[in-house]
Amino acid sequence: MKIRAAKVIVTCPGRNLVTLKIETDQGVYGIGDATLNGREKAVVAYLEEHLIPALIGRDPQRIEDTWQYLYRGAYWRRGPVTMTAIAAVDMALWDIKAKLADMPLYQLLGGRSRDRVMVYGHATGTDIDSCLEEVEQHVRQGYQAVRVQCGIPGIASTYGVAKVPGQRYEPADSELPAEHVWSTEKYLNFVPRLFEAVRKQFGPDLHLLHDVHHRLTPIEAARLGKLVEPYHLFWLEDSVPAENQQAFQLIRQHTTTPLAVGEVFNSIHDCRELIQSQSIDYIRASLTHAGGITHMRRIADFAALFHVRTGFHGATDLSPVCMGAALHFDTWVPNFGIQEHMPHSEETYEVFPHAYRFDQGYFTPGETPGHGVDIDEKQAARYPYKPAYLPVNRLEDGTLWHW
Ligand code: CS2
Ligand code: MG
């Protein structure tokens, strides 16, 4: 069997999504997610100009060899563009192999470690009351876990909160980077009050999560971790930019609030020290940005040695293809923690028919051979690409900060 053809499909049913489709000479095909928010076209070019020509004629069944061929063969290893492109190829090849084996992907990975996959939903609001309403809506839908993000008094716009209440939150929504203003002090004075209100109304059992979105220094993160300890969060996410992995040890020294990090990671090298030093509790790297299923298995297996569990990134800038493959991985992986779930638009679901199903706070991946997600190219063609940038952040004195 040989790879006969491969192509990149770019569509924008509400937001830009990039998909790689690999076709074999026996008519079986596989698809992989290649979406890198705000830098989509860089991955498209990497695939079309560099990887696809090197894939034609290869044996699609040799997934590991192809992974090494693209990683070591790049010479210029790692990084978001390279690893997202490799991930798309990897996801598509695992899809093909599972289809050829006529089994759902989780079976190929080693079978079920659980019957269903717990996910967390996003409750957001411009103030505490509207946040509590959204938490209530999630609880009514059966969610066991809810991430809570709220507008901060005195700050015009903040991460995770839609500009217009009730509107879908999409950070990459402007033709040039929007400039937001950030104040750490206003944020740190407010967040403990938010979680006090949520715990008071919903009691001790609901899992609560919060995304700091990389905006604090280690000692500020330590302070926040302590301040929210009474509300026993499931996790505090991306409290500090993680290029300096050692910085997390300082946070660890001061708080027992569980720490999650990794959605911007692209390889095991970005988190080896964090995991080995027991500085985190959940690894958030995603299949799409961390080299696909082949590499994510290595990260998960390594993490298991240090009691670190998976908490896959699952925002809407990861396509339903990633969600489908992730749910199979979540069904198999022994050290599973939780899966992020941010619903895509109805148009997106028309473009990507899928077998995964939501029920009372949990997902099942479906029993369809492969990863269970397909692409309708006619539907995809209805939504052409639209340039869109993620915002940047400035402190109140104008200093460029972390978004
Ligand atoms: C976020 C993401 O879901 C999350 O945890 O951190 O929404 C993130 O902002 C986007 O993926 C950036 O493209
Ligand atoms: Mg995040």
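The model I am reading is a predicted one.

Next I checked Phe-363. Its relative accessibility is 4%, so Phe-363 also goes down as buried.

I then counted the aromatic pairs and got 15. For the pair Tyr-356 and Phe-363, I noted ring centres 5.7 Å apart and planes at 70 degrees.

Is Phe-358 buried, partly exposed or exposed? I found 30% relative accessibility, which lies between the limits of 20% and 50%, so Phe-358 is partly exposed.

I also followed the ring pairs elsewhere in the chain. They join Tyr-120, Phe-234, Trp-235 and Tyr-282 into a cluster.

I turned to ligand 1. Where does ligand 1 sit? I found it in the largest pocket. I listed 14 residues around ligand 1, and the closest are Asn-37, His-213, Glu-263, Asp-317 and Glu-340. Sorting the shell by residue class, I got seven charged, four nonpolar and three polar.

I looked up polar side-chain atoms facing the oxygen atoms of ligand 1. For Arg-284, I noted a polar side-chain atom 2.9 Å from a ligand oxygen. For His-313, the corresponding entry is 3.1 Å. Asp-317, already listed among the closest residues, has a side-chain N or O atom 2.9 Å from an oxygen atom of ligand 1.

Last, I checked how far ligand 1 is covered. Taken alone, ligand 1 exposes 340 Å², and I noted that the protein buries 94% of that area.

Terms used. Residues are numbered from 1 along each chain as its sequence is written. Chains are lettered from A and ligands numbered from 1 in the order in which they are written. This is a predicted model: local features need pLDDT of at least 70, side-chain atom pairs count only at pLDDT 80 or more; totals for chains, interfaces and linings use all residues. Side-chain values use heavy atoms; hydrogens and water are left out. A residue is near a molecule or strand if one of its heavy atoms lies within 4 Å of it. A polar contact is a pair of N or O atoms within 3.5 Å; within protein, one must be able to donate a hydrogen and the other to accept it, and residues adjacent in sequence count only if both atoms are side-chain atoms. Accessible areas come from the Shrake-Rupley method with a 1.4 Å probe; for residues, only the protein chains shown count as cover. On a 1 Å grid over the protein atoms alone, a cavity is a set of points where a 1.4 Å probe fits but cannot get out, and a pocket is an open set with protein on both sides within 12 Å along at least five of seven lines; lining residues have an atom within 4 Å of a point. A molecule sits in a cavity or pocket if more than half of its atoms lie within 2 Å of its grid points. Ala, Val, Leu, Ile, Met, Phe, Trp, Tyr, Cys and Pro count as nonpolar, Asp, Glu, Lys and Arg as charged, and the others, Gly among them, as polar. Rings of Phe, Tyr and Trp (its six-membered ring) pair if their centres lie within 6.5 Å; planes under 30 degrees apart count as stacked, over 60 as edge-to-face and the rest as tilted. Buried means under 20% relative accessible area, exposed over 50%, partly exposed in between (1.4 Å probe, protein chains only).
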